[in-house]
Amino acid sequence: MICPECGKPGVRALINIAATPAPVDPVTLPITFLNGTMEDDAYWSAVGTPSTEEQSSEQAHAGTYSWKVVTDGANEGVKSGTFTVYDPQNVRVSLWLYGNKADEFLLRAYGGDGTTLMFEGTYFIQEDNTWEEVIFEYANTVAGSNARIEVIAVDSGTTFYVDDVNVSLIPAEEGNATPYVPNDPPPVTEQIPYGDMEGTPIWTDVGSPTTSEQSSEQAHGGTYSWKTVGSSGQGIRSEVFRMVAGKTYDLSVWLYRPTTAYQYRVTWYDGDGSTLLTNLGYFGGAADTWVERVIQKTSTVTGDAAYVEITLNGSGTIYWDDVTITEV
Ligand SMILES: [Ca+2]
Ligand SMILES: [Ca+2]
């Protein structure tokens with residue numbers, strides 16, 4: 001060829017530009033990008049094998065639809081369609097989640113090769129059945145057209161909805177990606193199922209009390225308490241609940257005794273079902289009145305297998321009601 005600058009024959013070497021330069025300006029992609037509004041039945045698909053993963057009009061943060069997921073295994077959820085990212089580039093994602101209080105999620109983002117994990121953060125739902133915005137930002141270092149986002153429920157049996165997913169691409173020169181700060185599980189009160197003894201009771205017997213039944217003879221709150229007639233070591237055990245290591249809780253038990261001729265005991269098991277408090281007992285309190293007993297302990301093991309047992313110490317009758325656990 002002839003050199004256009006000098007007019008002489010020659011060969012022009014092409015200098016290989018290794019990577020397409022990132023856009024100079026921040027790119028705020030339209031909310032309809034990747035069907036982030038969920039108003040179309042497109043782009044989103046399952047992570048794992050959730051029993052439900054579909055566009056749904058049951059809930060919507062905006063418009064008519066969100067994306068619904070019901071998991072039947074651990075770490076299942078939904079993933080976006082793919083999009084193009086550069087290296088280096090900051091990516092900012094905001095999305096809205098609707099679920100049940102304290103449900104735990106993993107938020108993931110993959111690089112442009114579709115396989116390199118660029119971001120993973122946890123998020124705990126703070127309120128029941130409320131839309132909550134989650135924002136995360138990460139520094140992408142793998143260019144390509146196969147980047148994607150995943151929203152994953154950690155536990156089996158989780159139902160959640162996702163809506164209004166926004167992805168913004170920001171030049172790395174704008175600064176480092178803002179570090180993501182995971183949130184904590186919300187403080188939970190009334191954490192012991194059926195502790196008010198009003199619903200269908202799923203407390204189970206400890207030992208073989210003579211009587212163990214929901215009773216309207218006495219009630220601290222509502223209409224019912226739980227009546228135990230028996231002897232030492234006999235009583236009731238709660239359903240399991242969640243405790244988080246390092247967090248301190250007040251366990252409150254209300255009880256009513258016709259006489260003070262006998263006492264009662266409390267045994268408390270930690271998040272993994274191991275003993276947290278052994279058979280604390282011989283409590284006082286007046287007869288023929290409701291007495292509250294509060295015990296404070298700090299969990300050492302996170303888990304969903306915590307429970308309490310409240311039992312007689314001596315032979316007699318005790319009514320139990322309003323058993324709660326409150327994070328301090
Ligand atoms: Ca929507
Ligand atoms: Ca009650």
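Two strands are taken to pair if DSSP finds at least two bridges between them, and on this basis 7 bridges join strand 8 to strand 9 in the predicted model, the two strands running antiparallel. Within this pairing Leu-107 stands opposite Gly-121 of strand 9. Strand 8 is mostly covered, since 5 of its 7 residues are buried.

As regards the overall architecture, the secondary structure of the protein comprises 23 strands and 0 helices. The protein is divided into domain 1, spanning 10-174, and domain 2, spanning 204-327, and the centres of domain 1 and domain 2, taken over C-alpha atoms, are separated by 45 Å. The C-alpha atoms fill a box of roughly 115 × 35 × 30 Å along the principal axes, and the radius of gyration is 29 Å, whereas a compact globule of 328 residues would have a value near 20 Å. Of the contacts with a separation of 6 or more, 77% are accounted for by residues 24 or more positions apart, and buried residues make up 34% of the 328 residues.

The confidence of the prediction averages a pLDDT of 89 for the protein, with 91% of the residues scoring at least 70. Over residues 12-19, however, the pLDDT is below 50, and this stretch has 3 contacts in the model beyond near neighbours in sequence.

In soluble globular proteins, nonpolar side chains tend to be buried together. The largest nonpolar core of the present model contains 38 residues, of which Leu-97, Ala-109 and Val-162 touch the most other members. At least two residues of this core are supplied by each of strand 4 (66-70), strand 7 (89-98), strand 8 (104-110), strand 9 (117-124), strand 10 (131-140), strand 11 (144-153) and strand 12 (159-171), with strand 12 giving the most, namely 7 residues. Leaving aside neighbours within four places in sequence, Leu-97 is in contact with Phe-105, Ile-125, Glu-132, Val-134, Phe-160 and Val-162. A second, separate core consists of 29 residues, among them Met-197, Val-206, Leu-276 and Ile-310.

Two individual positions illustrate contrasting surroundings. Val-78 lies in strand 5, which covers residues 76-79, and counts as buried because 24 C-beta neighbours are found inside 10 Å, the threshold for burial being 20 or more. Apart from neighbours within four places in sequence, the contacts of Val-78 include Trp-44, Trp-67, Val-69, Val-151 and Val-162. Although 75 residues separate Val-78 from Ala-153 in sequence, the C-alpha atoms of these two residues are 9.1 Å apart in space. Thr-130, by contrast, is placed in the loop between strand 9 and strand 10, and counts as exposed because 12 C-beta neighbours lie inside 10 Å, a residue being exposed at 12 or fewer. Thr-130 and Ala-245 are 115 residues apart in sequence, with a C-alpha to C-alpha distance of 26 Å.

Definitions and conventions: Residues are numbered from 1 along each chain as its sequence is written. Chains are lettered from A and ligands numbered from 1 in the order in which they are written. This is a predicted model: local features need pLDDT of at least 70, side-chain atom pairs count only at pLDDT 80 or more; totals for chains, interfaces and linings use all residues. Domain bounds come from an automatic or database domain assignment. pLDDT is the predictor's confidence in each residue, from 0 to 100. Two residues are in contact if their C-beta atoms, placed from the backbone, lie within 7 Å. A nonpolar core is a set of buried Ala, Val, Leu, Ile, Met, Phe, Trp, Tyr and Cys residues joined through C-beta atoms within 7 Å. Helices (H or I, at least four residues) and strands (E, at least two) are DSSP runs, numbered from the N terminus. The radius of gyration is taken over C-alpha atoms; the globule rule is 2.2 Å times the number of residues to the power 0.38.
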